[in-house]
Amino acid sequence: MNAKADALPAIDVEEFRKVVRSRRSIRRFTDEPIPDRVLDDCLELATLAPNSSNLQPWEFFVVKTPALRAKLAEACLGQNAAKTAPVLIAIVARTDTWQKHSRLALEQWPEEKLPSIVEKYYRKIAPIHYNQGPLGLLGVAKKAAGLVVGLSRPVPRGPYSPNEMKVWATKSTALAAENLILALRAHGYDSCAMEGFDECRVRKLLKLPRKGLVTMILAAGRRAENGVYNRQYRFDRNNLIHYL
């Protein structure tokens, strides 16, 4: 069915508000496992996150095996969230899958007719836009061209280097991580997104791809009674939200 013809479901914003407002970073979990069907559903919802050019530059490494989970918790600096969670998920951004995913975007196009603009993008534009070339030289050339052309009209500003590709992939992957976090909460489970870890040890333990970037490690499970350490607060929204 054409996506345009699909009827939008009724939405209860109050249910969504409950999900968002009840989400907390949980530091201690019970030993209750997350059912496989729930975890699978949450991961599927994570992959529905918006992302750059639908290139889906993410991977999820789900660690449930107790022995490996214990080693991963140690690599997470022994945080209580990591030590007590029944599931740890390494959420990895990939800077090196865009070529493969460009091909898949064409091969798996969901409608009968492939629009010419879509074919042109994935066959011609994407290979130039995301390719940095040997030693990043193509990226340097693209940046110089962008500076010149940008004097007269708007142009995309990057990614122009391997480091900018990391930023590019991480932005989309973080969106998927948020979907996963909220999906867990909607199912009645909780999580803690951890940035405190030894990435070298994590990469070695999980045998991660060479160009995979560990965006975060998510501890997930059922919150313990002492799982929340303090009341939630946020800074004054008037200092952070700007209407122009």
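Strand S3, spanning residues 190-194, is mostly tucked away, with 4 of its 5 residues buried. This comes from a predicted model. S3 pairs with strand S4 (residues 212-221) in the antiparallel sense, and 5 bridges link the two. One of the residues to look for here is Ala193, whose bridge partner in S4 is Leu218.

Zooming out, S3 belongs to an open sheet of 4 strands, arranged in the order S1-S2-S4-S3 with antiparallel pairing. Strand S1 (58-63) and S3 sit at the edges and have a single partner strand each, so one side of each goes without a neighbour in the sheet. From one strand to the next, the twist averages 25°.

Two helices can then be placed against this sheet. Helix H2 (residues 36-46) packs on the sheet and touches S1 and strand S2 (87-94), its direction making about 165° with that of S1. Helix H8 also packs on the sheet, where H8 touches S1, S2, S3 and S4; the direction of H8 makes about 150° with that of S2.

H8 (residues 162-186) has a helix partner too: helix H1 (residues 13-22) packs with H8 at an angle of about 105°, and the two axes are 9 Å apart. That angle makes H1 roughly perpendicular to H8. On the H1 side, the contact is made by Phe16, Val19, Val20 and Ser22, while H8 brings in Leu182, Arg185 and Ala186.

Notes. Residues numbered from 1 in each chain as written. Predicted model: local features only at pLDDT ≥ 70, side-chain atom pairs only at ≥ 80, totals over all residues. Heavy atoms only, no water. Axes fitted to C-alpha atoms, helices over the stretch in contact; angles between N-to-C directions. Parallel < 35°, antiparallel > 145°, perpendicular 65-115°, else oblique. Contact = heavy atoms within 4.5 Å. Buried < 20%, exposed > 50% of the residue type's maximum accessible area, 1.4 Å probe, protein only. Pairing = 2+ DSSP bridges.
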